[in-house]
Amino acid sequence: MKTVLLTGGLGYIGSHIAVCLQQSWRVVIVDNLANSSLEQLDRLQQLCPIAKADVFVADCADLTAFEAVYASIRPDAVIHLAGHKAVGESVEKPLMYYHNNLNATMNVLTLCARYATRTLIFSSSATVYGPQVSPMREDMALLETLNPYAETKAMSERMIRDFVKTHPDFQSTVLRYFNPVGAHPSGLIGERPNGIPNNLLPYIQQVASGKRPHLNVFGNDYPTPDGTPIRDYIHVMDLAQAHVAALNGATLGHHVYNVGTGKGTSVLELVTAFETATKIRIPVVVTARRAGDLVESTADVSKIEKELGWKATRSLETICLDAWKFESSQR
Ligand code: WQD
């Protein structure tokens, strides 16, 4: 069985990928626990038998520490997820984001070359498009990004692209995530933001559980049917399965794919979908717009379906039910 290293593998996305890969790959995880915990490992192990010896606590931005782990694994493939990912925090602390996210990517590429790993899947983001029109296509120009987080993703993509130009035997796949949401249907793993959730569905979940009194809707005067912004919400299990398709379908060269549903959902439509699915009312208060928000961000997903044979299958109702089941399982 081949070995795949998940950097940041104990995080929200990584843990779901580990569950989906465990049948066909030996999964090894390296994570610095900046945005996860070993308690997450206990819950993950109830879903997939990852040996504790295959989980390493190390910082991918520290080449010496990362290489000590990497040299002992010498993986056949890497799925690189490790990185800070809070948009607002990146605006306040740009150097922390550039240092952490860019060094992690450079170290991954350095170690791939040094230890003959020839397959890389990179966790990128729709934010690399900047204020591009929707539905966004992979052949569209990348406009000026709106925050340092997005800029680290765009720069990392370019690093990988340029690395592949000098390594003809290498295969890299960039996956541009739209809005990952939801949780594993078991309710055992899901998104557990530290502090006040920045993202919409985790916040709705906390309103439903009584942790928050209401949802603040950041503006309802956008040029959309109900005045609220539109996003492409994709179930985290669909997203995880896109990584399995990318890994199993990897080919030489550098490939870029959007990972979304291709469907747009407004803020108020997501609120209504959550209320309908869970029968829980979500009080809302309309407030001022949030700086940097796009009117719409939805994916054209024809390329990944055509080339990797993957498409999202889970509905908005499933997203809301799985999210609520996970939220309800939290203390
Ligand atoms: C969605 C919509 C908000 C919270 C972010 C980041 C990035 C990316 C995906 C990785 C927007 C509105 C939100 C709230 C609200 N992840 N909203 N009240 O901004 O599309 O993307 O997540 O790359 O982290 O780009 O997602 O969930 O923050 O916001 O009204 O309390 O919900 O204004 O229109 P976003 P989001």
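Does Ala116 count as buried, partly exposed or exposed, and at what relative accessibility? In this predicted model, Ala116 has a relative accessibility of 46%, so it counts as partly exposed, the class between under 20% and over 50%. You'll find Ala116 in the loop between helix 5 (94-114) and strand 5. Its phi is near 60°, a positive value in a residue that isn't glycine.

Lys279 also has a phi near 60°, again positive without being a glycine. This residue sits in the loop between helix 9 (267-278) and strand 13 (284-287). At 71% relative accessibility, Lys279 counts as exposed. For background, most residues other than glycine have a negative phi, and most peptide bonds are trans. With that in mind, look at Ser134 and Pro135: a cis peptide bond joins them, with omega at about -5°. Pro135 is in the loop between strand 5 (119-125) and helix 6 (148-165).

Now step back to the whole chain. It has 11 helices and 14 strands. Its radius of gyration is 19 Å, close to the 20 Å that the globule rule gives for 331 residues, so the chain is as compact as a globular protein of that length. The C-alpha trace spans about 55 × 45 × 40 Å along its principal axes, and buried residues make up 55% of the 331 residues.

Helix 8 (residues 236-248) is worth a look. Its 13 residues should span 18 Å at 1.5 Å a residue, and the end C-alpha atoms are 19 Å apart, which agrees. The helix is mostly covered, with 11 of its 13 residues buried; among them are Val236, Asp238, His243 and Leu247.

Next comes the ligand. It is surrounded by 20 residues, and the closest are Tyr149, Leu200, Asn216, Arg231 and Asp293. By type, the shell divides into 10 nonpolar, six polar and four charged residues. Helix 7 (200-208) and strand 8 (215-218) each supply at least two residues of that shell, and strand 8 gives the largest share, four residues.

| Residue | N or O atom in | Ligand atom | Distance |
|---|---|---|---|
| Asn179 | side chain | oxygen | 3.1 Å |
| Leu200 | backbone | oxygen | 2.7 Å |
| Asn216 | backbone | nitrogen | 2.7 Å |

On its own, the ligand has 690 Å² of accessible area, and the protein covers 90% of that.

Note on methods:
Residues numbered from 1 in each chain as written. Predicted model: local features only at pLDDT ≥ 70, side-chain atom pairs only at ≥ 80, totals over all residues. Heavy atoms only, no water. Near = heavy atom within 4 Å. Polar contact = N/O pair within 3.5 Å; in protein donor to acceptor, adjacent residues only side chain to side chain. Areas by Shrake-Rupley, 256 points an atom, 1.4 Å probe, with all protein chains shown as cover. Nonpolar A, V, L, I, M, F, W, Y, C, P; charged D, E, K, R; others polar. Expected span 1.5 Å × (residues − 1). Buried < 20%, exposed > 50% of the residue type's maximum accessible area, 1.4 Å probe, protein only. Rg over C-alpha atoms; globule rule 2.2 N^0.38 Å.
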